[in-house]
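This report examines how parts of a protein chain pack against one another. Please consult the sequence and the structure shown here.

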Amino acid sequence: MKNSISKKLSSLLLALGMIIPGYAGTVVSAAATQPIDVLWNIECAPQKDLTVVYNVKINESGSFTEPKLRVSIEKFSGAGAAYTWDTVTLTDYTYDASTKQYRFVYDKVTAVQIGSRIKSEFLCRSGNQAYASDPQYYSLKEYAMDVINAKDNSTKEADLKQCALMVDMLNYGAAAQTFFGRNTNNLANAKLTSDQKKLGTKLVTSAATCLKTNVLTSATAWIEKVALEFDNPVDFIAYASFKTAPSGNISAQMSYAGDDGKTVTVKVDSKNFEKQEDTGLYRIEFKNIPITCLKTQAKIVIKNGSDNISSLVTYSCESYANAILAGSEFRSSLKDLVKRMLTYGGGAKAYAPYAGSVSEDPGDDGDISTYKNSKYTKDMPKAVIVIPASASEYEKYAAKGLQTYIARVENYTPEIINDSVTKGSKGFEISLGNTRNRAHGTMKYSSDGAYKIYSYDSGISITGKGKRGVIDGSAKFLSLCGGYYWLSFEDGYKTNQKKFKYEKDINYDYQRPFVFSDIDAAYGTVADGENCMFDIAHGLNGYFANFGTAYQRWYLYDPESVSLYPASIHPGQVHTLLYEYLTEADFKVHPEWFSLIGGVRQRTQPCLSNAKARQHILEHVYKILNSKVYDASAPMQIISLCQADNSEWCKCSSCTDFMKKYKSDEIDKDWAFWGGDSPLYIDLCNWVSEQIHKDGKYQNVYIDTLAYDHTLKPPKGLKINDHVIVRYAAINRCYAHDCNDQVCQRNKEDGAYLKQWADLCKAGGGQLWIWDYNANWYSTITPYANVSALIHDIKYYKQIGVKGIYLQSNDRHLDCNTEFDDIRLYMGATLLEDPNADWEKELEFFLNEFYGKGAPYIREYLELMTKQAKNHLCGSNCPDPYHWRLFCLRYDTKPREIFCNEYLDYDGTNYTSAMDAHNRMPDADINKCEQIYNEAIKAVANDSKRHKYTTARTLVSWKIVKSTLKVKEFANSSTYATRNGELYDELVDTYNTKVFSLIFRTRTRNNLSKNPGEWVVKQ
């Protein structure tokens, strides 16, 4: 039989893929399914085979099975816009236990579908319940244009090569559409400007061939023809005939040189040969030829074991193209297609060397200062603001805010009208609230504070739930469309845009990831203005984030008892039982209601095993609920029943027996009973909750207590019912390490307690909230490097089911802001709004905006401080393992404890020498920090006045460290006090630092011969 190589087109389905940035999925409602919250990360390598890779992480707790990915792509049947969905369900996946991501691979895209949308949905089950995620839409065309628009003005070689590849890919897709006649009114390259088209690789106009046959005279098998099937990736198809039917020992092999120069061999066993009924030939498919190998020679042969039984055929994709271009019978559109194919392959090969060194995220290489800019492209027309004729005070507040901030970047002040005006009659509209005759879309979420931003034919609608929904939605609109952001409350608003932007298909739904989110940094108590906008823009809604119009009373208290609370405590918020419920007057009449310690009744804590004391507490709860402070329309009202702020507890036999009965499995063996008082408080909260909810009257009321100090350990054998909140306040944990870090002994223990509380709340239907200590109260001028732990912790809290978070930060921020306070506030607020936010980009954005040219130095300095803060692990010279692990970054850490590792225990034992030997800040790091300081000050010398100030203000904390260590200019004992005096004056006069300690609130210039930790007055 004569050998021949066919030059006919077997098939031309050239497939591509994509990368899109990670996207936090939202839930979807479906008749037969429940929604599920997932995180999407869709990846691809454009220089390779363009297979789409989906990494999906479930953001909800629970046991899920049968993970699948349903992927659909638009399939056009003709030149018009009509299409159907071509759907496949992927069941093959790999699971990465470290990232908890499911990885699916989709390779069904073809060249003609580069402009087609790809829809993906994650499916799974839990028991008999089916779940589905919200579908994600994207296209290769969108991806390519994102890359080109982000990088087409770059001068970097890698960026130019990448842009060329994207242009080549779009041109290739357009050529495929033209040849096959698919959706030709919307070609893949239609949006390329004339300048962008010039970025592409020079068009290949001819093709060479390497076709050659080394004849085997004793052949018993013959390769009759070779063709290509350009699926995803390219497949070589050989058609062969045999003297006798191929046995199991027969195989076909193809070998070629890969991108790295190494030989790649593809072997196909005879069991995978496909006999063609019409010709009797056997079809043999060699899969996965990289797109970069279009010109690479491939050698194809049929073997019996290790022996060749056919001639050796040399072929390539370019040889295939050569046959097309040389053939007079082929249409010009097909010839253009193969030219574009080869050009695209050349562009991919040219970009390949750069692919590992640059990010495929089109936003990564752009100007970080535009990170908050709107992603929309159309200029928003001059607008009016529409509110309901009977608008609520919340809708009016939101309208006034929009009017103010639109006017600050546009050349007009939008008029506020009501919905009695005909839709669109006054031009483009921004509709706020439940306006009549405007399209609002269907809100996905019904929880308090949820909102929706939705485009309709003549405007944009912003609707929301509760007091804050429409207000927070309007703030998000300022960000999405106006590029507004509040970097810090002392800086006020910023935007890099001169025009608001929008699209006609905005459909944005949001619900709070946490029921309650708050940061205590003083500004939250103001009624209005820029300070309040920092809260609103980040969706903070707690008791310190309340403001006039949208004030919500979270914690209820008896107004007659307000005077019993100290000024530093929000009434009803914490330590309530001995401030309000069991008072000094009660102690005089009923001492048996209070703790028994050393055989004497003392008013240190309540005796919660006393039935009459519990009844008295319940009566006070009813007094509050029957007063005017209770709001039946509020989404949540909380009665807090928590201990006094001390480490004592009642040791009467009844309390002790109850605690022992429900004592948890001990994790902390050294203080076996310390922290085990929680069973009594949980039992009290369950009982009070059950009493007040008997008749169903107070369904929005929750009973709250602390897991703190002597109640830190979770009970065993008690439930936490569905109207009880536990606020976990790990005051002794280490804030340098992640909350569940397994290396840090302190957090290994506290993290285990936290997880047990989470599991208990989940099992009984209760809620777990967090009270985090987010600043160094002992010394606000000392570096407190907890930023990396903060980032991890918020994401982890969400993962284990936490419903509320309060970051007790620097409540005197403006009076003592000299180290990393602004970074913590911004990152904390950002992650409370969205725990899945890209924290790397957010941190980079903040540093560049806040510090200017000082940003890289502050980042490096922060990392060195973080390294030192974690430098407290126990060494071989450790005198006492338990006390050593108490030495960590806490809310009350003294400067010498961080940098010199001096630790003075409660019993007066000082472990300084042993700790100095093992954990003192290394000289190399000291020298590096000194270098950073000098280079940073030099870098901002010609920067803005603001950046010069913020960089120097943060780095003044390095002088605190040097004084603590007594190094550099603080090393000379004879001038030590003088240098300290200069530093003291710099803090006070240059940076207006009014207090050096949140605990003592005062400072003194009388202790300058001592380290900065002693510059506070202990009262």
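Predicted model: local features only at pLDDT ≥ 70, side-chain atom pairs only at ≥ 80, totals over all residues.

## Two neighbouring helices

The crossing of H17 with H18 is right-handed.

On the H17 side, the contact is formed by Trp-839, Glu-840, Leu-843, Leu-847, Asn-848 and Tyr-851, while H18 contributes Ala-855, Ile-858 and Arg-859. Six of these residues are nonpolar, one is polar and two are charged.

## A further partner of H17

Helix H16, residues 821-833, also packs against H17: the two axes come within 10 Å and cross at roughly 140°. This crossing is right-handed.

From H16, the residues Asp-822, Ile-823, Tyr-826, Met-827 and Thr-830 meet a set in H17 that includes Trp-839, Leu-843, Phe-846 and Tyr-851. The contact of H16 with H17 comprises ten nonpolar, one polar and two charged residues.

In soluble globular proteins, nonpolar side chains tend to be buried together. The largest nonpolar core of this model has 185 residues, and those with the most contacts inside it are Phe-477, Ile-639, Leu-641, Tyr-728, Ile-823 and Met-865. A second, separate core has 87 residues, among them Ala-207, Leu-294, Leu-342 and Tyr-344.

Which residues does Leu-641 contact, leaving aside its neighbours within four places in sequence? They include Leu-577, Tyr-581, Ile-617, Val-621, Tyr-681 and Asp-704.

Conventions
Residues numbered from 1 in each chain as written. Heavy atoms only, no water. Core = buried A, V, L, I, M, F, W, Y, C linked by side-chain atoms within 4.5 Å. Buried < 20%, exposed > 50% of the residue type's maximum accessible area, 1.4 Å probe, protein only. Contact = heavy atoms within 4.5 Å. Left-handed = near helix turned anticlockwise from the far one by under 90°. Helix = DSSP H or I, 4+ residues; strand = E, 2+ residues; numbered from the N terminus. Nonpolar A, V, L, I, M, F, W, Y, C, P; charged D, E, K, R; others polar. Axes fitted to C-alpha atoms, helices over the stretch in contact; angles between N-to-C directions.
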